[in-house]
Amino acid sequence: MSLSDSKRVNSLEFRLQVGLTISLILLIILLWLFGAGSVERLTEDFIASRLEHDAEAILGATDLGQGVSVASAKINQIYHRPYSGHYYLMLGANGEEVASRSLWDFKLQVPRMPAGEAQRYHLPGPDGQNLLVWTRGYRKQGEDLTLAVAEDLQPLKEQRDRFLKHFALLALAGLMLLLILQAMVVRGAFCRLRPLRQDVQNLTSGQEQLLREDVPTEFIPLVNEVNHLLRLLSSRNQRSRNALGNLAHALKGPLNLLTRHIDQAASQDPGLHQAHEQVERIRVLMDRELRRARLAGGKTLSERFDARQDLPDLLHALRQIYRERQLRIDCSIEGQPNPFGDREDILELLGNLLDNACKWAHSQVHCHVSGTRGLRIMVEDDGEGLADDAIELLTQRGRRLDESVDGHGLGLAIVNDVVQLYEGTINFERSRKLHGLLVRIELNPLSYDEGRGS
């Protein structure tokens, strides 16, 4: 099953549509079966009632003066036409049998009935007819008689089948209409959730707002909990960023005093020159964190990385950090990359990649970004590059290839962690253009975008 099929099967709207469709089909089938059974019973009840009336007329025309006989002129003439579909059989107490002329030479197998008892059943008739037989026992002029009156069901059965066929077609048309109306009603009901979905998409794209509460009643508890969580996370995130900025600003004053003190003392003690370098290194790291805090600003936690909007700020910060080396740091963006991933994750990844490239570069660092669903990143420099056996050391946490270059050695290890988080790939090779190190990264959208329902 493909990913799109799996999403469709797990869709609440899809499951509701399927459940209601099955219910409607079962309802129509039960209605058709009930209607068919009701029509059949109604038909047989109608025929039985008519047979009972005919039996009363035949009994009234029966003469017991000299044996059992029926006055033909007093009964319906249809009982005189051979195989007309209407028949009767009179059984006398002494074994006499008087059959309608319509039976011709066909013998009905009719049981004798006690006086006052009646029975209805089916029997095969002449010419393959299916007969409904109504039989009752009578007592007339002190003599017990059994009278059976029968009628062929075939003509009415054909009319009944025609009716049921038309009823089935009508039920099918009604089912199709109900399914269309059901789809419209269900879709209309779920349309009320579209604003909620748009709010979530706006949230993931960086537009800070709470989820609207104008939703169906069943979703209000969920919306309230999500809004509470958003307020809590936003507050904690803002406090963390403020704390970072306050800490950096608080340390800036003592560091300035310490720098001036070391500068004054360095003229008398040359050994303090190394201490001066370490203080300057702390200052650079603080400035970098302050810039990152300013870049993050007050945005939402789940803001996505927008290459065209966020990269210029990052490059500007790097140019300020390495302004004394006069590095040429540029970037090219191919096409219109969609906002992707968590903004802080991608800035962390790009910041470490570009920072490492700037450390090793002689004069130039280039970054290339592309991709419409995922994100493809290429960072290269014009440094010395690496030998094949040195590439394996790049992503080992805490390892550096040149201890003379300032850095904690965590940059590429952090990059590797972010790449694994997004189920991406990372490759190292020599740049054909700048002849230094080239890093290629491809991030997978499945781990972030589809995982969050975008």
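## Overall make-up

Helices (H or I, at least four residues) and strands (E, at least two) are DSSP runs, numbered from the N terminus. By that rule, the protein chain has 10 helices and 14 strands. This is a predicted model, in which local features need pLDDT of at least 70 and side-chain atom pairs count only at pLDDT 80 or more, while totals for chains, interfaces and linings use all residues. Residues are numbered from 1 along each chain as its sequence is written, and side-chain values use heavy atoms, with hydrogens and water left out.

The protein chain has 454 residues, of which 39% count as buried (under 20% relative accessible area, with a 1.4 Å probe and protein chains only). Of its contacts (heavy atoms within 4.5 Å) with a separation of 6 or more, 57% join residues 24 or more positions apart.

## Nonpolar cores

A nonpolar core is a set of buried Ala, Val, Leu, Ile, Met, Phe, Trp, Tyr and Cys residues joined through side-chain atoms within 4.5 Å. The largest one has 37 residues, and Leu-349, Leu-350, Leu-353, Ile-377 and Ile-441 have the most contacts inside it. At least two residues of this core come from each of α7 (307–321), α8 (343–360), β11 (364–370), β12 (375–381), α10 (411–421), β13 (425–430) and β14 (437–443). The most, eight residues, come from α8.

Leaving aside neighbours within four places in sequence, Ile-441 is in contact with residues including Leu-349, Leu-353, Ile-377, Val-415 and Val-419. Another core, of 22 residues, lies apart from the largest one; among them are Ile-58, Val-70, Val-149 and Leu-153.

## Packing of α7 and α8

The axes of α7 and α8 are 11 Å apart, and the two helices pack at an angle of about 40°. Axes are lines fitted to C-alpha atoms, for helices over the stretch in contact, and angles run from 0 to 180 degrees between N-to-C directions.

On the α7 side, the contact is made by Asp-310, Leu-311, Leu-314, Leu-315 and Leu-318. On the α8 side, Arg-343, Leu-347, Leu-350, Gly-351, Leu-354 and Asp-355 take part.

## Packing of α2 and α3

Helix α2 (residues 12–60) and helix α3 (residues 154–191) have axes that come within 10 Å and cross at roughly 160°. That makes α2 roughly antiparallel to α3, a term for angles over 145 degrees.

Technical notes
Angles under 35 degrees count as roughly parallel, over 145 as roughly antiparallel, 65 to 115 as roughly perpendicular and the rest as oblique. Buried means under 20% relative accessible area, exposed over 50%, partly exposed in between (1.4 Å probe, protein chains only).
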